[in-house]
Amino acid sequence: MITKQQYVEYLICTIGNYTGTHLAEHLDQVSHDVISDYLRSEHLTPRGVWELVANLILDNPSAFLLVDDSVQDKRYSRFIDLVKLQYSGAEHGLVRGIGVVNLVHSAGDGKDFYPIDYRIYAPDQDGKSKNDHFAELVINAVFAKKIKAKRILFDSWYASVDNLKLVDHLGLTFFTTLKSNRMVSLSKEDGWIHLEDIDWTEERLQNGMMVKLKEVPFKVRLFKVVATNGDIDWVITNCPDETLTTQAAQEASDVRWQVEELHRGLKQLTGTEKCQCRKGRSQRNHIACCYHAWLSLKVKANAIGKTLYQTKEDLLSDYLRAELAAPRIHAFSPA
């Protein structure tokens with residue numbers, strides 16, 4: 001028999017290898033079949049993440065909600081449920097994998113952040129699109145979790161008309177980006193024009209400008225944010241504050257990168273991509289345990305004032321110090 005605690009603690013302490021076979025080799029009286037049966041029979045859900053973090057988040061109206069998705073790369077797996085061909089931002093192209101849509105709560109730039117909900121993207125199983133999951137996550141956060149955060153960040157993938165209308169209807173302030181081919185209207189007389197065709201005066205560059213989006217019943221403020229390398233982000237918000245500057249909008253939008261830190265940490269520190277079980281339920285349970293492992297590392301890292309990566313590396317450092325102090329295998333020397 002194996003428990004969730006044992007499986008999560010294995011994900012925390014193992015380095016590189018996150019398979020059931022590897023766990024069975026290092027856990028007394030537990031076979032690979034026992035681990036496979038555990039992953040196949042459990043029914044862990046995203047609700048478990050909220051139960052773990054509900055008392056950890058610093059929730060207030062000035063906090064942020066972040067929405068983004070990640071693909072668990074399974075390009076070499078041909079017989080795993082939930083795997084489908086989909087776009088991966090990390091790969092900048094299509095890849096076979098399991099998609100996960102995450103909702104993260106952030107206290108602000110440079111401050112603590114935690115995942116509070118997620119959804120597995122499996123349209124062949126449940127018929128839901130990523131935008132369906134977006135709506136479900138946000139509505140659930142507002143009404144079920146009673147989240148107080150009033151600002152929400154997401155990228156252009158989720159900047160659909162329906163999502164913008166939903167977020168505004170819920171009384172949230174969004175900061176998101178537009179794709180460069182999106183058209184806007186400055187006035188009825190000007191009609192619809194491409195973003196690149198706008199006359200960006202110095203005043204508009206500093207303070208943005210009000211524009212109309214097709215089928216969106218309210219105006220948004222548009223900002224042209226130019227990075228040091230010349231890349232341009234078209235940031236929009238429904239924030240009513242007329243004194244909002246481009247710099248302030250950029251600073252708010254930049255908080256979204258914390259969700260990328262979560263994606264990277266889940267993959268590199270807990271092995272979300274490494275489970276080779278074929279059943280979809282096993283994959284879901286493995287991913288749920290990975291969130292638990294990440295949160296465990298996060299809590300420990302905060303307690304000792306280190307990063308998650310340093311906290312995990314300390315486990316290997318302890319082993320290395322012990323071996324150097326009393327090596328079990330000595331350097332060979334010829335007689």
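What covers the buried residues of helix 9 includes strand 1 (64-73), strand 5 (151-154), strand 6 (173-178), helix 8 (202-207), strand 10 (220-226) and strand 11 (232-237). Here buried means under 20% relative accessible area and exposed means over 50%, with partly exposed in between, using a 1.4 Å probe and protein chains only. Helices (H or I, at least four residues) and strands (E, at least two) are DSSP runs numbered from the N terminus.

Before going on, the source. This is a predicted model, in which local features need pLDDT of at least 70 and side-chain atom pairs count only at pLDDT 80 or more, while totals for chains, interfaces and linings use all residues. Residues are numbered from 1 along each chain as its sequence is written, and side-chain values use heavy atoms, with hydrogens and water left out.

Back to helix 9, residues 246-254: Thr246, Ala249, Ala252 and Ser253 are buried there. Down the axis of helix 9, these buried residues fall within an arc of 125 degrees, so they line one face of the helix. The arc is taken from the directions from the helix axis to the C-beta atoms.

Helix 3, residues 32-41, has Ile35, Ser36, Tyr38 and Leu39 buried. Their arc is 160 degrees, so they too line one face of the helix. On the other side of helix 3, Asp33 and Ser41 are exposed. What do the buried residues of helix 3 pack against? They pack against helix 1 (4-13), helix 2 (20-26) and helix 11 (280-304); contact means heavy atoms within 4.5 Å.

Now the core. A nonpolar core is a set of buried Ala, Val, Leu, Ile, Met, Phe, Trp, Tyr and Cys residues joined through side-chain atoms within 4.5 Å. The largest has 96 residues, of which Tyr7, Ile152, Phe154, Phe174 and Leu222 touch the most other members. Helix 11 gives the most to this core, with 10 residues.

Last, a helix pair. Helix 6 (residues 130-144) and helix 7 (residues 161-169) pack at an angle of about 5 degrees, with their axes 10 Å apart. Axes are lines fitted to C-alpha atoms, for helices over the stretch in contact, and angles run from 0 to 180 degrees between N-to-C directions. Helix 6 and helix 7 are therefore roughly parallel, a label for angles under 35 degrees. Asn131, Phe134, Ala135 and Ile139 of helix 6 meet Asn163, Leu166 and Val167 of helix 7.

Key: Parallel < 35°, antiparallel > 145°, perpendicular 65-115°, else oblique.
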